Amino acid sequence: MSTLSADSSPEDASNRSFWMPGNYQRTVKRTEDAFQACNDIVACFQERARVERQYAQQLSEWSNKWKPVVDSTPLYGSLLKAWQCFLSSADRLASLHASICRSLVSEDGDKVRTWQKDTFHKKLFGGFKESQDTETGFARAQKPWAKRLKKLDKARRAYHKVSRKEHIARERDAHAQGNPDISIDKQKKIQEEREIAQQEAEKVRSRYEKVLEEVNRYAPRYMEEMESIFDQSQEEERKRIVFLKQAFLSIHTHLDITNNESALAVYNELHNTLMAIDEQEDLRWWKNTHGPGMPTDWPHFQDWIPDKKNKKGKKDVEKKGTLEKSAMIGGVRVRALYDYVGQETDELSFKAGEEFLKVEDEDDQGWCRGMKDGGWEGLYPANYVEVV
């Protein structure tokens with residue numbers, strides 16, 4: 001229940017009441033307010049859609065930026081897979097947020113616009129048919145009431161005016177009675193004026209009470225008609241509230257990725273990949289690939305076997321052709337990602353950022369052959385460079 005403020009008088013509150021003439025306009029205006037609210041809702045979530053689209057783009061850009069770095073990282077095994085999974089997860093989330101953007105615009109926004117068009121019917125010269133119908137109903141119901149209130153106000157003002165005159169006459173009479181400075185004739189005249197004023201006041205009061213009684217008799221009918229129009233307006237507002245509630249719930253469904261199966265799958269896969277990091281397995285792989293576990297041809301006695309002189313046949317020609325295919329005509333321009341100092345005489349040394357040619361593809365051991373400007377040629381680790 002609302003309460004009156006300290007500065008408001010009961011009369012002010014009564015003047016602001018729904019039942020006073022013209023105060024139904026606030027209820028009529030709800031139609032236009034609801035139409036504008038629909039515009040604001042669509043604009044609000046179109047902006048949110050742009051945020052989702054920009055986020056999707058930034059996720060993709062971030063993933064694409066780091067993929068080459070991650071692919072050439074010295075990390076290996078399950079730890080490398082975990083880092084790569086962050087990037088692949090970002091790509092999938094980018095797709096998800098792009099779809100959220102589309103849903104906010106093409107589904108939710110279009111749904112509100114369509115409902116708005118079907119619900120609010122604009123008039124040729126401005127305004128809406130719905131608000132005009134409500135205003136017409138209120139005005140028709142209030143017209144007889146306003147006429148009676150006007151008549152009542154006129155009767156009230158007349159009564160207050162004559163009451164003021166009676167009060168003055170009564171005070172003059174009380175002052176004149178027994179006053180030796182006022183003649184007897186004058187006192188009688190003042191007394192007669194008081195009696196006339198009193199009679200007039202009673203007559204006007206009776207008329208005022210009669211008009212008031214008429215207004216009070218009409219009040220129930222007036223209230224019934226006004227409440228009937230108001231209930232129709234309330235029903236229209238109820239439909240608007242119910243629709244917008246469903247619209248908000250639809251938007252919430254699209255934005256809430258906590259229950260989205262695709263998002264759950266992304267994060268579950270990422271979590272499982274992280275939990276699958278196995279230091280023992282990674283260490284075992286390194287040991288067998290680059291450490292003591294590598295297969296080695298330990299020194300042993302070897303008999304001398306005379307070289308066999310074979311005629312050049314078809315097989316030799318095919319073998320030579322295969323070897324020649326591995327070399328690149330002209331080479332591919334690459335850029336060093338890290339510094340590398342050759343450990344053997346047939347290895348190439350370079351600085352990070354330095355560019356040279358890759359003249360042979362990567363072999364099974366992860367080495368490529370390159371040639372620097374000036375004719376220096378040698379082997380280098382394939383993952384230490386990137387193609388320019």
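The side chains of Arg-369 and Glu-377 meet in a salt bridge, with 3.9 Å from N to O, where a salt bridge is a side-chain nitrogen of Lys or Arg within 4 Å of a carboxyl oxygen of Asp or Glu. This is a predicted model, in which local features need pLDDT of at least 70 and side-chain atom pairs count only at pLDDT 80 or more, while totals for chains, interfaces and linings use all residues. Residues are numbered from 1 along each chain as its sequence is written, and side-chain values use heavy atoms, with hydrogens and water left out.

**Salt bridges**

- A search of the whole structure finds 26 salt bridges, and a network of them links Arg-333, Arg-335, Glu-355, Asp-373 and Glu-386.
- Arg-157 forms a salt bridge with Asp-153, the closest N and O atoms being 3.0 Å apart, and both residues lie in helix 5 (residues 129-176), four residues apart, about one turn of the helix.
- In that pair, Arg-157 is partly exposed at 47% relative accessibility, and Asp-153 is partly exposed with a relative accessible area of 29%.
- Between Arg-172 and Glu-193 there is a salt bridge in which the closest N and O atoms are 3.4 Å apart; this pair links distant parts of the chain, with Arg-172 in helix 5 and Glu-193 in helix 6 (residues 184-255), 21 residues apart.
- Arg-172 is partly exposed, with a relative accessible area of 41%, and Glu-193 is partly exposed as well, at 33%.

**Helices and the UniProt record**

- Helices (H or I, at least four residues) and strands (E, at least two) are DSSP runs, numbered from the N terminus.
- UniProt, in an unreviewed entry, places the feature "coiled-coil region" at residues 182-214; its positions are given in the numbering used here, feature names are shortened, and annotations may be inferred rather than shown by experiment.
- Over residues 182-214 the chain of the model is 94% helix and 0% strand, and the end C-alpha atoms are 46 Å apart.

**The largest pocket**

- About 700 Å³ of space lies in the largest pocket; on a 1 Å grid over the protein atoms alone, a pocket is an open set of points with protein on both sides within 12 Å along at least five of seven lines, whereas a cavity is a set where a 1.4 Å probe fits but cannot get out, and lining residues have an atom within 4 Å of a point.
- Of the 23 residues that line the largest pocket, Trp-286, His-290, Pro-381, Asn-383 and Tyr-384 are the closest to its centre.
- Helix 4 and helix 8 (279-290) are the elements that give two or more residues to this lining, and helix 8 provides the largest share, four residues.

**The largest cavity**

- The count comes to one cavity of 30 Å³ or more, and the largest cavity has a volume of about 40 Å³, a volume being the space filled by probe spheres set on grid points that are joined across faces, edges and corners.
- The largest cavity is lined by Ile-41, Val-42, Phe-45, Leu-104, Asp-108, Gly-109, Val-112 and Ile-251.
- Helix 3 (30-71) and helix 4 (77-119) are the elements that give two or more residues to the lining of the largest cavity, and helix 4 gives the most, with four residues.

Methods: Buried < 20%, exposed > 50% of the residue type's maximum accessible area, 1.4 Å probe, protein only.
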